[in-house]
Amino acid sequence: MSDLEVDVVVIGAGPVGENVADRAHQQGLSAAIVESRLVGGECSYYACIPSKALLRPVDLYAATQRMPGVAQAVSGTVDAAKLLARRDEFAGEDDSGQADWLSGAGITLLRGHGRLAGERAVEVTHADGTTTSVAARSVVVATGSVPVFPPVEGLDQVNAWTNQEATQVKEIPSSLVILGGGVVGVEMATAFHGLGARVTLVQHSERLIPATEPEAGRRLHASLTASGVDVRLSTSLTAVRREGGEVVASLDDGTEVRAAELLVAAGRRPATSDLGLESVRLEPGTHLAADDTTTVLGDWLYAVGDASTGAQLTHMGKYQARICGDVLVARANGTPLGGRYSHHAATAEHTAVPQVIFTDPQVAAVGLTEAAAREAGLTVRAVSYELGSVAGASLQADGYDGFASIVVDTDRGVIVGATFVGQDVADMVHAATIAVVGEVPVERLWHAVPSFPTMSEVWLRLLETYGL
Ligand SMILES: Cc1cc2nc3c(=O)[nH]c(=O)nc-3n(C[C@H](O)[C@H](O)[C@H](O)COP(=O)(O)OP(=O)(O)OC[C@H]3O[C@@H](n4cnc5c(N)ncnc54)[C@H](O)[C@@H]3O)c2cc1C
Ligand SMILES: NC(=O)c1ccc[n+]([C@@H]2O[C@H](COP(=O)([O-])OP(=O)(O)OC[C@H]3O[C@@H](n4cnc5c(N)ncnc54)[C@H](O)[C@@H]3O)[C@@H](O)[C@H]2O)c1
């Protein structure tokens, strides 16, 4: 006999888990959610929200420096204490508001560590050691991810920062070494450099943000370097030690870098090691392979968000969550599941994952890069255009540096990928997302006239460059 019986139990109350529980509950299913730390998850306290709260003032300041007449008005140094206080307003480590929201929504919150205990069963271990057993028609894993520590000598002995210490920083250190030039690495380099730290970024591959178009990494590299960040490409950290309070990082080019702190931003792994996966014959520590309906096993085990094989982004996790909630409801009601573009298939995971990297320049992209499209066997042609040559961009900032590119599937005449790099491009990617998801023929896009003088005029230039 279980302590609690519900239609659905979700393990992990990050943004993704919360959305599954809410979506299913709003359509009549009883739902419980298990959380071992803070309701709201990594995103709310240690990732998306605090990082963007740190980055926005840096971004704003950079923009003023490209505007004669304003640059002089905004002189002096950034008041880091005020910015950290503002960050705390967004991402203080208090989840009472989110917990209240759950209870107001009628979802049962179980605080503790959740583990699968066989099919359709979850055991929750609370902080005081007591347990609650939950029986559910469906179990959803939404446990998120944790940082990876590469095998570097001494790395586990220097109190290295992860994204948690970086985003919750109480005082800006005088200097910071960052291991990893992926998304976390470049965003945190931008934030900490802008807030006054001397930053060294170590990346073992030959470019920054390697998953994006190569030109995006090149422009970002040039900009970070010009602003004073010491970027070491094709370089690995071989050993690290603390000496007199400082971190001493030994690099494989024979040099050493000294800094007050070291941030590890070398990727993430799913938080599935201690989840009882062995009780249902799944491999602990692996990403849970979910199909397009978010189902992992039979009609009862589901996975969404960073713990699953989907994209590691909040908006994509929440998209999977909406699909998962609707699949749970359909199965509970005996309704057949719909197809590719129904509410029951996370189709965009394959074709149209958008992402914005909040650096200076911003990098906003959706769908496939040219290389990824070719690897997928598509026949494509990519064209690009200097954003600074568009009237809207040159009005936006003096010396505007940026570019846009589209990847066109020439067999079907539709865009399968787009990238925008430059100041204030974040919101431009959604138009591209609509074009990719809608599979709008480029001939039809010719009639989507961008307003003058906006940066979206680059769409017209891209289509002209393509040959329309
Ligand atoms: C520095 C940084 C910045 C980022 N910025 C962005 C951004 O700007 N935009 C974007 O889209 N994405 C961003 N991301 C990625 C984003 O944070 C993740 O994709 C998102 O948090 C995934 O949500 P989730 O709900 O799957 O997992 P999480 O947010 O990690 O939540 C999982 C929750 O499950 C709980 N949990 C884990 N195991 C158990 C268990 N066994 N029992 C009970 N509870 C458990 C955890 O305590 C946690 O609260 C960023 C990531 C980092 C590191
Ligand atoms: N704005 C956003 O959307 C945003 C912001 C931050 C994070 N995120 C998400 O969080 C996830 C994790 O980000 P991340 O930056 O930790 O991972 P990542 O996989 O994007 O980047 C890690 C980088 O570290 C490098 N690296 C790994 N081991 C190394 C080593 N030993 N020495 C030197 N370099 C090494 C890799 O080459 C890689 O480029 C990403 O998948 C991303 O989607 C998104």
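A residue is termed buried if 20 or more other C-beta atoms lie within 10 Å of its own, exposed if 12 or fewer do, and partly exposed in between, with C-beta atoms placed from the backbone. The structure is a predicted model, in which local features need pLDDT of at least 70, side-chain atom pairs count only at pLDDT 80 or more, and totals for chains, interfaces and linings use all residues. Residues are numbered from 1 along each chain as its sequence is written, while chains are lettered from A and ligands numbered from 1 in the order in which they are written.

Gly 118 is placed in the loop between S4 and S5; helices (H or I, at least four residues) and strands (E, at least two) are DSSP runs numbered from the N terminus. Apart from neighbours within four places in sequence, Gly 118 contacts Ser 279 and Val 280, contact being defined by C-beta atoms, placed from the backbone, within 7 Å. Between Gly 118 and Val 366 the separation is 248 residues in sequence and 39 Å in space, C-alpha to C-alpha. The loop between S4 and strand S5 (121-125) also holds Arg 120, a residue that has a positive phi of about 60 degrees although it is not a glycine. Arg 120 is partly exposed because it has 18 C-beta neighbours inside 10 Å.

A positive phi, near 30 degrees, is also found at Ile 209, a residue other than glycine. Ile 209 is located in the loop between strand S9 (198-202) and helix H8 (214-227) and is buried, since 24 other C-beta atoms lie within 10 Å. Cis peptide bonds occur from Asp 360 to Pro 361, with omega near 10 degrees, and from Phe 452 to Pro 453, with omega near -5 degrees. Pro 361 falls in the loop between strand S18 (354-357) and strand S19 (362-367), and Pro 453 in that between helix H14 (442-445) and helix H15 (458-466).

The protein chain is divided into domain 1 (4-40 + 95-145 + 270-346), domain 2 (155-266) and domain 3 (361-466), with bounds from an automatic or database domain assignment. The C-alpha centres of domain 2 and domain 3 are 30 Å apart. Their contact involves eight residues from domain 2 and 10 residues from domain 3.

Ligand 1 is surrounded by 38 residues, the closest being Gly 12, Gly 14, Gly 41, Gly 144 and Gly 305; a residue is near a molecule or strand if its C-beta atom, placed from the backbone, lies within 6 Å of it. Because domain 1 and domain 2 both give residues to this shell, ligand 1 lies between them. Elements that each supply at least two shell residues include helix H1 (15-26), strand S2 (31-35) and helix H9 (314-333).

An open sheet of four strands is arranged in the order S10-S9-S8-S14 with parallel pairing, two strands being paired if DSSP finds at least two bridges between them. Strand S10 (230-232) and strand S14 (261-264) form the edges, each pairing on one side only. Strand S8 (residues 175-179) and S14 pair in the parallel sense over four bridges, and Leu 179 stands opposite Val 264 in S14.

Technical notes
Two residues are in contact if their C-beta atoms, placed from the backbone, lie within 7 Å.
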